[in-house]
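Welcome! Here is a short briefing to read alongside the sequence and the 3D view.

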Amino acid sequence: MAASSDAALTVFAWGNVSRGDDAIGAILASRVIDLGNAAINVVEDHQLNIEHVMDFEDGVPALFIDASVAIDTAYKLEKLSPFGDASISTHSISPSALLELYEQTLGKPAPDAYLLHVRGEEFELGDGISASTKVAVDRAWKFLDELFAGPCESWAEALSSASSGEAT
């Protein structure tokens, strides 16, 4: 989806559709794109790269979406902070390191950012998405669909509340 000057949120989603549950980001990105909401910029890629630092918009919050093996629930929303870690390379970068790179490169504070972890279990080459991950994706989509059903002016507050464990 092309960048919009009226954007209220930038969604970064990534994963490899050829590796089973790693397709989570691409699946959810497709659903967000299908909403056709001009207030949402979607950046979907095979992996998060340093070049994505240019996809942020001033003052526009960011929502990162990726498969995770580090959670026990279907999905979890986490507030991110800029943090330079060892993940920076020319081929991939963590969301927190990308935020840090944004601040270093552009000399201004990174936008508010959140990571939607969606539980995945099977990542073998050639696998389809697993049955349990389909359930996790649907639960994460319900959260996103409810978020996007509200006015775009409320999305940042809703993400902040949800990431702190408060009900939205």
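At 45% relative accessibility, Glu-121 counts as partly exposed, a class that lies between buried (under 20% relative accessible area) and exposed (over 50%), using a 1.4 Å probe and protein chains only. The side chain of Glu-121 meets that of Arg-119 in a salt bridge, 3.7 Å from N to O. A salt bridge here is a side-chain nitrogen of Lys or Arg within 4 Å of a carboxyl oxygen of Asp or Glu.

This is a predicted model, in which local features need pLDDT of at least 70 and side-chain atom pairs count only at pLDDT 80 or more, while totals for chains, interfaces and linings use all residues. Residues are numbered from 1 along each chain as its sequence is written, and side-chain values use heavy atoms, with hydrogens and water left out.

**Overall layout**

- The chain holds 4 helices and 5 strands, taken as DSSP runs numbered from the N terminus (helices: H or I, at least four residues; strands: E, at least two).
- Of the chain's 168 residues, 45% count as buried.
- Among contacts (heavy atoms within 4.5 Å) with a separation of 6 or more, 76% are between residues 24 or more positions apart.

**The β-α-β unit**

- Strand β1 (residues 9–14) and strand β2 (residues 40–45) run parallel and are joined by 6 bridges; two strands pair if DSSP finds at least two bridges between them.
- In this pairing, Trp-14 stands opposite Asp-45 in β2.
- Together with helix α1 (residues 24–35), β1 and β2 make a right-handed β-α-β unit. Right-handed means that, with the strands pointing away from the viewer, the path from the first strand over the helix to the second runs clockwise.

**Other salt bridges**

- The count of salt bridges comes to 5.
- One of them joins the side chains of Lys-79 and Asp-112 (3.6 Å, N to O). This pair links distant parts of the chain, 33 residues apart: Lys-79 is in strand β4 (residues 75–80), and Asp-112 is in the loop between α2 (95–106) and β5 (113–119).
- Lys-79 is partly exposed at 38% relative accessibility, and Asp-112 is partly exposed at 42%.
- Lys-142 also forms a salt bridge, with Glu-146, their closest N and O atoms being 3.7 Å apart. Because Lys-142 and Glu-146 are 4 residues apart in helix α3 (residues 131–149), about one helical turn separates them.
- Lys-142 counts as exposed, at 53% relative accessibility.
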